[in-house]
Amino acid sequence: MGSVLSQKTFPRLDESLLTHMPPFSRLEKNQIRTILDQATSRRYEAGAAIFEEGLPAERFYMLLDGYVRVVRITPTGEQVTALHIPAGQLLGIARALGRDTYPATAISASEAIVLSWPMRLWDSYVADYDGFATETYKTVGHRVGEMNNRIVELATQQVEQRVANALLRLINQTGRKVSDGIEIDFPITRQDLSELTATTLHTVSRLLSGWEKQGLVESKRKRIKVRDPHALVVLAQT
């Protein structure tokens, strides 16, 4: 895995960093100032573990910039990507799940900037800051809903539909408009996509190659671009 590029406490980070992020959007400037003064900021290179499954949940995190892969480790030691999280969301919120260990591993999918706080502050943030608890539980609900949708897809859909749906989710969450389509805005491999859809690397490669010939997608150098989103929607619903 990659490594942490830098670690530093920034007592004078600007309050505007957090004012647009839902857990803090209802707070006064002085409250955000207090929260920032209690935070530690780190920059991670791509592939670095921010926290690891099963370890004590000593801190919780806010992703300021970049993307994170949430990964589970199987009993045989295989790594399975469960979901991707974009900037502006909390991570490592084990306390909200009633846990004292992290339920999964968070790995930076691109270079990332992350704030973190000691978990001992969690209860006071929930009690003292309007909107922190409600927005946090909305986030938990959204992620549970996404995982439930994936379970339904695994039970009811063919592989082609699952891969199409995964690409649609990724461009919806992290897509960046380019001249000839929408590009997933972080490096993603065919292996990552196979883990997300519970299929084999061979099958994902075969599907993407076929879709490239049809002009639906473009896949190269850990970058995937969707050139015809409507056609993918049709495939996902077929």
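User: What should I know about the model before we start?
Analyst: This is a predicted model, in which local features need pLDDT of at least 70 and side-chain atom pairs count only at pLDDT 80 or more, while totals for chains, interfaces and linings use all residues. Residues are numbered from 1 along each chain as its sequence is written, and side-chain values use heavy atoms, with hydrogens and water left out.

User: In what order do the 4 strands of the open sheet come?
Analyst: The order is β3-β8-β5-β6, and the pairing is antiparallel. Strands (E, at least two residues) and helices (H or I, at least four) are DSSP runs, numbered from the N terminus. Two strands pair if DSSP finds at least two bridges between them.

User: Which strands stand at the edges?
Analyst: The edge strands are β3 (49-51) and β6 (79-86). Each has a single partner strand, so one side of each is left without a neighbour in the sheet.

User: How many bridges join β5 to β6?
Analyst: There are 7 bridges between β5 (residues 67-73) and β6, and the two strands run antiparallel. Within this pairing, Val68 of β5 stands opposite Ile85 in β6.

User: Now β9. Is it mostly covered or mostly exposed?
Analyst: Strand β9 (residues 112-118) is mostly covered, with 6 of its 7 residues buried. Buried means under 20% relative accessible area, exposed means over 50%, and partly exposed lies in between (1.4 Å probe, protein chains only).

User: Which residue of β9 is the bridge partner of Thr40?
Analyst: The partner of Thr40 is Ser116. Strand β2 (residues 40-44) pairs with β9 in the antiparallel sense over 5 bridges.

User: And how many bridges link β4 and β9?
Analyst: Strand β4 (residues 59-65) also pairs with β9 in the antiparallel sense, over 6 bridges. Here Met62 has Leu115 of β9 as its bridge partner.

User: Different topic. How many salt bridges are there in the whole structure?
Analyst: A search of the whole structure finds 16. A salt bridge is a side-chain nitrogen of Lys or Arg within 4 Å of a carboxyl oxygen of Asp or Glu.

User: Which residue forms a salt bridge with Glu15?
Analyst: Glu15 forms one with Arg33, and their closest N and O atoms are 3.3 Å apart. Glu15 lies in the loop between β1 (4-8) and α1 (16-19), and Arg33 in helix α2 (residues 29-37), so the pair ties together parts that are 18 residues apart in sequence.

User: Is Glu15 buried or exposed?
Analyst: Glu15 counts as buried, at 12% relative accessibility. Arg33 counts as buried too, at 10%.

User: Where do Arg26 and Asp130 lie?
Analyst: The side chains of Arg26 and Asp130 meet in a salt bridge (3.7 Å, N to O). Arg26 is in the loop between α1 and α2, and Asp130 is in the loop between α3 (122-128) and α4 (132-156), so the pair ties together parts that are 104 residues apart in sequence. Arg26 counts as partly exposed at 45% relative accessibility, and Asp130 is partly exposed with a relative accessible area of 48%.

User: What about Arg190 and Glu212?
Analyst: Their side chains meet in a salt bridge (3.2 Å, N to O). Arg190 lies in helix α6 (residues 190-196) and Glu212 in helix α7 (residues 201-213), so this pair ties together parts that are 22 residues apart in sequence.

User: Which residues do salt bridges join into one network?
Analyst: Salt bridges that share partners join Asp180, Glu218, Lys220, Lys225 and Arg227 into one network.
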